[in-house]
Amino acid sequence: MTKTLDLHGVKHEDADRLIENFVLLNEPPLSIITGNSHKMEEIAIHSLLNHNINFVRWGSGVLKVL
């Protein structure tokens, strides 16, 4: 089963730390739900790119860590 981080209700300033901890402490595949927030998606993508983590956009508002 794929572990999922749902960022609904998370403040933008807290998202980077949560994403970083989630992807570094868990084994892929993982899902990150950003919802409809363009800003939250940007934060998630930036965090993943900073750690050279492979991911794909999976529909609207979901990133899959490979």
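How many positive and negative side chains does the protein chain have, and how far apart do the centres of the two sets lie? The protein chain has 6 positive and 8 negative side chains, and the centres of the two sets lie 3 Å apart. These values, like those below, come from a predicted model.

**Overall fold**

The protein chain contains two helices and four strands. Read from the N terminus, the order of the elements is β-α-β-α-β-β. The C-alpha trace spans about 25 × 25 × 20 Å along its principal axes.

A compact globule of 66 residues would have a radius of gyration near 11 Å. The protein chain has 10 Å, so its value agrees with that of a compact globule.

Contacts in the protein chain can also be sorted by how far apart the partners are in sequence. Among contacts between residues at least 6 apart, 57% join residues at least 24 apart.

**Surface and burial**

Of the 66 residues of the protein chain, 36% count as buried. The accessible surface comes to about 4,400 Å², and carbon and sulfur atoms account for 52% of that surface.

Asn-26 is found in the loop between α1 (12–25) and β2 (30–33). Is Asn-26 buried or exposed? Asn-26 counts as buried because its relative accessibility is 16%, and the cut-off for buried is under 20%. The side chain of Asn-26 has a polar contact with the side chain of Lys-3. A polar atom of the Asn-26 side chain also lies 2.8 Å from the backbone oxygen of Phe-22.

Ser-47 belongs to helix α2, which covers residues 38–50. With a relative accessible area of 1%, Ser-47 is buried as well. Which residues does Ser-47 touch, not counting those up to four places away in sequence? They are Asp-16, Ile-19 and Glu-20. With one of these, Asp-16, the side chain of Ser-47 makes a polar contact through the side chain of the partner.

The table lists the distances for these two residues.

| Side chain | Partner | Distance |
|---|---|---|
| Asn-26 | side chain of Lys-3 | 3.0 Å |
| Ser-47 | side chain of Asp-16 | 3.1 Å |

In short, Asn-26 is a buried residue in a loop, and Ser-47 is a buried residue in a helix.

Key. Residues are numbered from 1 along each chain as its sequence is written. This is a predicted model: local features need pLDDT of at least 70, side-chain atom pairs count only at pLDDT 80 or more; totals for chains, interfaces and linings use all residues. Side-chain values use heavy atoms; hydrogens and water are left out. The radius of gyration is taken over C-alpha atoms; the globule rule is 2.2 Å times the number of residues to the power 0.38. Buried means under 20% relative accessible area, exposed over 50%, partly exposed in between (1.4 Å probe, protein chains only). Contact means heavy atoms within 4.5 Å. Accessible areas come from the Shrake-Rupley method with a 1.4 Å probe; for residues, only the protein chains shown count as cover. Lys and Arg count as positive and Asp and Glu as negative; His and the chain ends are not counted. The place of a charge is taken as NZ of Lys, CZ of Arg, CG of Asp or CD of Glu. A polar contact is a pair of N or O atoms within 3.5 Å; within protein, one must be able to donate a hydrogen and the other to accept it, and residues adjacent in sequence count only if both atoms are side-chain atoms.
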